[in-house]
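Visitor: Please take one part of this model and go through it closely. I would like to know what lines the space there, and what lies around it.

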Amino acid sequence: MKKYVLKRTLTLIPVLFVVSVAIFMLVHIAPGDPAAALLGDRASQAEIDALRERMGLNDPLPVQYVNWVGGVLRGDLGESVFMQGSMTQILAEHMGPTLALTGWAVLLATLFAVPLGILAAKNQGRLADHLVSVTSMVGISMPSFLLGLLLVLLFAVQLQWLPAWGYVSIREGGFLAHLRSLILPAIALGFIESGLMIRMTRSAMLEVLQSDYIRMCKAKGVSPSGIFLKHALRNSLISILTVVGQSFMVLLSGATVVETVFNIPGIGQLTVNSVLRRDYEVIQAVVLLVSVMNVLICLVLDLLYGLIDPRARAGGEGV
Amino acid sequence: MEKQSRQDRRALEKRLRREQRARMTRKFLHNKLAMLGSLMILTVVLLALLAPVLAPQGPLENSVYDRLTPPSLDGYLFGSDNLGRSVFARVLYGARLSLTIGASVGLLSMVLGMVLGLYASYYRFLDNLIMRVCDGLSAIPSTLLAIALMASLDRNILNLIISLTVVSVPRVARVARSAAVVVREQTYIEAMRSAGASSTRIIWGHIAPNILSPVLVQSSYIFANAIITEAALSFLGVGVPLPEPSWGNILYEGKAVIHKAWWMIVYPGLFTAVTVLGLNIFGDGLRDVLDPHTN
């Protein structure tokens, strides 16, 4: 197990290297001078030169890269040209709403998708299975922001049951107001992922149900509900949990777009606003933070998987 | 004598290929998913092609007196937008743009991903390099990477296609590589190598045709995904520049007047959802048709 943990952790190095180079290069693929683009047309040459100096743009590229990575490793993510406060502070402020939204979306998607996936697997080939397949197909094909807009139209504009946009944190308005502000965005975000989750749950259940030991149970005369609950469900739970874990990351990045629909001041909105004013250092910091989170979550999931399933350990990457 | 036998063999090969094609077509025509998906896509493509006929007033022509008119059969079919332009015309012309962008991204990713995947599978030293770069790029969430790329590049359609392709290529490359690795180990490839065939001939003549099915299926999903991401980027205001209509752009403008004009959300939304659904259903059908196990 130790060897597996070490081996898997070492695979992070090239991935993180590529991630960091890609994110570093984002600033440099821009045509023209990034400092000039950042400051806009009205900036004087002296201002541009000062910013170039501050951003270290006068050094050769490899030196800039090493400086940037060195800064990141020391926890210095750069400075925003437009916003006050340290980058860490800016990111932390915007991360709260995004994490809350993502958390609710994962919860809703799981509560919706896992039972449906199990239902479909249990009734394979029957009407219920087909209905669930159609639901999951629609989920996969519906862009989250579109579903968000349609939900706003129905529940906020037509029925006026819920607020159209805005975000209330638990500290500001209490739990109920918090939930009211997040329920529509969480449904919009969660539904797209539930499509995939339904499919994965269904196929994980089917795989277990078709295995030899289930056939053996049947032959021994174990009751169908006993087989289902005791053996099938328990053994497919690992795959289902993996899907839920992975969905967290998908939804975290999907939140970017949904936040804009509902005016939630999370990292998505921060990114979009920074893109519109070309605040490169904020964009770099956000993309880096989310990517590193992604890589780490994958690592944890893989390690957990290795802990539970010895075959994953032995096979390494190829399994 | 030898010439005769060579001609016979060619004729036989030709006949076999023809039969295989006919069998595939039959299978495709009998696959309900593939047909349903094709029908949905073809409908949208047809409407997009006929845009100048169906909506002669064009997507940019506006009349200030007709702002935000609700849909009606004798006036604006899909209503008019905040500047008094026909939403019907904008949705149809938007279909042209969204489909062109989606198809270009699908095609470009397919070609690039296949090249990368094939060479990665064939040369060990390239394998590590290419696949690690792909791993790294796919570790960055795709929508976020596309947004960040658009922040650096100028906002135009070509750059949008480039950004979406960069995001999609690693996915195709991975599928292509894993299929090619299986083919590479087959005995006939070994035989060709020992007979002295050049690498290029083996890669393009014998491995590439055999990995086409999974790559094709993956590309149809990429096509669908590119339409979603393009709509999302345009909706965020970093995709197709205004006033050019794309489905995401119409939704972007619709959001501001959502309390007054539901038609600016519902119609472009319907077209986006139907197209993406059609492509996904088509992809599933294509996978069944091309998979030899489902004969």
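Guide: Three helices of chain B, H1 (2-30), H9 (199-236) and H11 (263-290), each supply at least two residues of the lining of the second largest pocket. Helices here are DSSP runs of H or I, at least four residues long, numbered from the N terminus. This is a predicted model, where local features need pLDDT of at least 70 and side-chain atom pairs pLDDT 80 or more, while totals for chains, interfaces and linings use all residues. Residues are numbered from 1 along each chain as written, chains are lettered from A and ligands numbered from 1 in written order, and side-chain values use heavy atoms, without hydrogens or water.

H1(B) gives the most to this lining, with eight residues. The lining has 21 residues in total. B:Arg17, B:Gln20, B:Met24, B:Pro209 and B:Asn210 lie nearest the pocket's centre. By class, the lining holds 10 nonpolar, five polar and six charged residues. (Ala, Val, Leu, Ile, Met, Phe, Trp, Tyr, Cys and Pro count as nonpolar; Asp, Glu, Lys and Arg as charged; the others, Gly among them, as polar.) The pocket's volume is about 920 Å³. A pocket is an open set of points on a 1 Å grid over the protein atoms alone, with protein on both sides within 12 Å along at least five of seven lines; lining residues have an atom within 4 Å of a point. Volume is the space filled by probe spheres set on the points, which are joined across faces, edges and corners.

The structure holds two cavities of 30 Å³ or more; in a cavity a 1.4 Å probe fits but cannot get out.

Finally, the interface. Here 45 residues of chain A are in contact (heavy atoms within 4.5 Å) with 40 residues of chain B. One salt bridge crosses it, a side-chain nitrogen of Lys or Arg within 4 Å of a carboxyl oxygen of Asp or Glu. The partners are A:Arg199 and B:Asp284, with the closest N and O atoms 2.9 Å apart.
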